[in-house]
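Morning, everyone. Let me put the model on the screen, and then we will walk through it.

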Amino acid sequence: MMMMPDSAVPVVVVDDHAMFRKAAVALVAATEGFAVVGEADSGETAVELVGTDGPVLVLMDINMPGMGGIEAARRICRDRPGVVVVLVSTYDPADLPADAARCGASGYVHKEHLAPEVLRRVWEQRGPGGR
Amino acid sequence: MAQSSILPEAGRRFRRFIIADLCTIGAGTVFLLAIYGWVVHFGYILLLAGLVAGLGVLVASAARPLARGDLERSATIVCLATWAVAIGLTLLVPVLIPVFVLTGLMPVLFALPYVSRARLRVFLATSVGGIVTLGLLARLQDVSGLAGKVPGWLMDSALVIALSILGGLILLIVWQDADTLQDALDQVMSTNRALQASEELLARHADELAESRARVVAATDQERRRIERDLHDGAQQRLVALAVNLLVARQQSEADPARSGLLLDQVADQLQVAIAEIRDLAHGIYPPLLANRGLAEALPAAVARAPLAARLVTTDICRYPADVEAAVYFCCLEGLQNAAKHAGPTASLTITVTGSGHGLEFEIIDTGVGFDTTDTGRGSGLVNMADRLAVVGGTLAIDSRPDGGCRIIGTIPNATHNITRDASRPLG
């Protein structure tokens, strides 16, 4: 886990594509009030990485080799109800698998639309203050 | 009608019959001439000789349609000629009517296997009419009055001898007819067997075609999935990351210009990579050089990119239909990839593409480790090559043995069909 300001929302970025993962990390770092605390390139690593304390925002890619983002989201949400998992992918919402809506994730963001205000809106609506 | 081509023996039998017919009538005529010369008026000898000469000309004229294989027409001429002589002779020597009746029946008996059913009915009706005519003529006419002038024993002997000869001839005809019918039966059986073999071959080809089509469809689907995957994992991810990086760079352009500049440098580099990826992907789908300049320029480029030592020789190749060019190009590409994977690190490869007339042939020879074609069978790469060629009417042959390299030959017999593309289209 990386160090972060006390007030910042801790974010974990999960994506097997290193290039997008780095871009997402840069975006989170540039967003006030959010801080990257971890990166993972697979669902398995993400499940291990999400800590046991405090609320965390997870940006979870859907299509990854191995476990995949949906199954990882389902396990994280089951074991850590306080964690907010947001699925990200390049597919249109209409093309998403059916179990994406049942895995416990708080929402879905197309990778093209990932932006600081989207992070803030998601956290306001789905984070501890919004629920 | 060309029955001689179906039954080669029939023509020879027919010629033998014409000769026998001529000999019999000739012998009978000589006999009658002798009697006429002895007993009757000399003028009848000339009449008789003219009749026989006419018969000879008619029967000889039957040789022409016979040579063409038109046995039906030939049989008709022989039949009519023989009947004409029989009627003529009956007028002269009515006492020998049994001989002439049998003579008149001979052509019908012989023609049986050679004429159509419709023509045979005419033959039979004519024969019945002829017999009735002969009977009437024999009853009403005795032009020469020969019967009263020749001794009874001589006419009886002539009758017996002539009937015996004709009886033997009729038996011979029946024997020949049986042979001809047996030949026809053998021919039918042989044709039937050939037909069955053709049907089996056709069914096998249909099965192979269906399997090939299914493989082509599966390969196409697999290719679509690969392209989708390549696009999703490659270019799309890079472009999305670029969009995010640009967003961040813009946001930080005032607060942290140095960081923003660094991000923009990264974006520029990543953009070049994304462009190269898209170009490679498009190249894998259908190389622009192949579309615009054909095999003559696309193949050297493919060989130059090959991961092993490769040489290309092209002879007399021009522009071909897109499906033909794609089939040859991707077969050669498959051959290069196969050799790179399996031929071993020291292998080298030579591709030869040769155009000849309407055809196009390519040969891919590598000096690698080879394989036993009987043990290994065809790998998916080789099956893909065979399927690609089958679509454009081509075939694939493989020759390889362990430690003996591999030789793949693709042949497209008709490669120049339906060329419609403008070969001068500039590169885009």
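Start with salt bridges between the two chains. A salt bridge here is a side-chain nitrogen of Lys or Arg within 4 Å of a carboxyl oxygen of Asp or Glu. Between chain A and chain B, the count is zero. Polar contacts do turn up. Five residue pairs are in polar contact across the interface of chain A and chain B, both residues at pLDDT 80 or more. By polar contact I mean a pair of N or O atoms within 3.5 Å; within protein, one must be able to donate a hydrogen and the other to accept it, and residues adjacent in sequence count only if both atoms are side-chain atoms.

Some housekeeping. This is a predicted model, where local features need pLDDT of at least 70, side-chain atom pairs count only at pLDDT 80 or more, and totals for chains, interfaces and linings use all residues. Residues are numbered from 1 along each chain as its sequence is written, chains are lettered from A and ligands numbered from 1 in the order in which they are written, and side-chain values use heavy atoms, with hydrogens and water left out.

Back to the interface. Chain A brings 17 residues to the contact, and chain B brings 17 residues. Contact means heavy atoms within 4.5 Å. How much area do chain A and chain B bury between them? About 1500 Å², with 66% of it on carbon and sulfur atoms. Buried area is the accessible area, with a 1.4 Å probe, that two parts lose on being put together, summed over both. In chain A, the residues that lose the most area to chain B are A:H17, A:M19 and A:T90, together 39% of what that side buries.

Which elements of chain A supply the touching side? Helices α1 (18-30) and α4 (116-126) of chain A each give at least two residues to the side that touches chain B. The largest share of that side, seven residues, comes from α1(A). Helices (H or I, at least four residues) and strands (E, at least two) are DSSP runs, numbered from the N terminus. By type, the side of chain A that touches chain B splits into 11 nonpolar, three polar and three charged residues. Nonpolar covers Ala, Val, Leu, Ile, Met, Phe, Trp, Tyr, Cys and Pro; charged covers Asp, Glu, Lys and Arg; the others, Gly among them, are polar.

Now into chain A. Take A:V11, in strand β1 (residues 9-14) of chain A. Is A:V11 buried or exposed? Buried, because its relative accessibility is 0%. Buried means under 20% relative accessible area, exposed over 50%, and partly exposed in between (1.4 Å probe, protein chains only). Beyond its neighbours within four places in sequence, A:V11 is in contact with several residues, including A:V28, A:F34, A:L57 and A:L59.

Back to salt bridges, this time over all chains. The count comes to 14. One joins A:R75 and A:E71, at 2.8 Å, N to O. Both residues lie in helix α3 (residues 69-79) of chain A, four residues apart, about one turn of the helix. A:R75 is partly exposed, at 32% relative accessible area. A:E71 is partly exposed too, at 22%. Also in chain A, a network of salt bridges links A:D15, A:D61 and A:K111.

Chain B has examples as well. B:R293 pairs with B:E297, the closest N and O atoms being 3.7 Å apart. B:R293 is partly exposed, at 33%. B:E297 is partly exposed, at 36%. Then look at B:R319 and B:E325, which meet in a salt bridge at 2.8 Å, N to O. B:R319 and B:E325 are both buried.

Stay with chain B. It has 15 helices and five strands. Of its 428 residues, 38% count as buried. Among contacts in chain B between residues at least 6 apart in sequence, 74% join residues at least 24 apart.

Last topic: confidence. pLDDT is the predictor's confidence in each residue, from 0 to 100. Chain A averages 87, and 89% of its residues score at least 70. Among the elements of chain A, α4(A) has the lowest mean pLDDT (90), and strand β3 (residues 57-61) the highest (95). Chain B averages 81, with 88% of its residues at 70 or above. In chain B, pLDDT stays under 50 over residues 1-6. It also stays under 50 over residues 420-428 of chain B. Where pLDDT is low, the predicted coordinates should not be read in detail. The model as a whole scores ipTM 0.74 and pTM 0.53.
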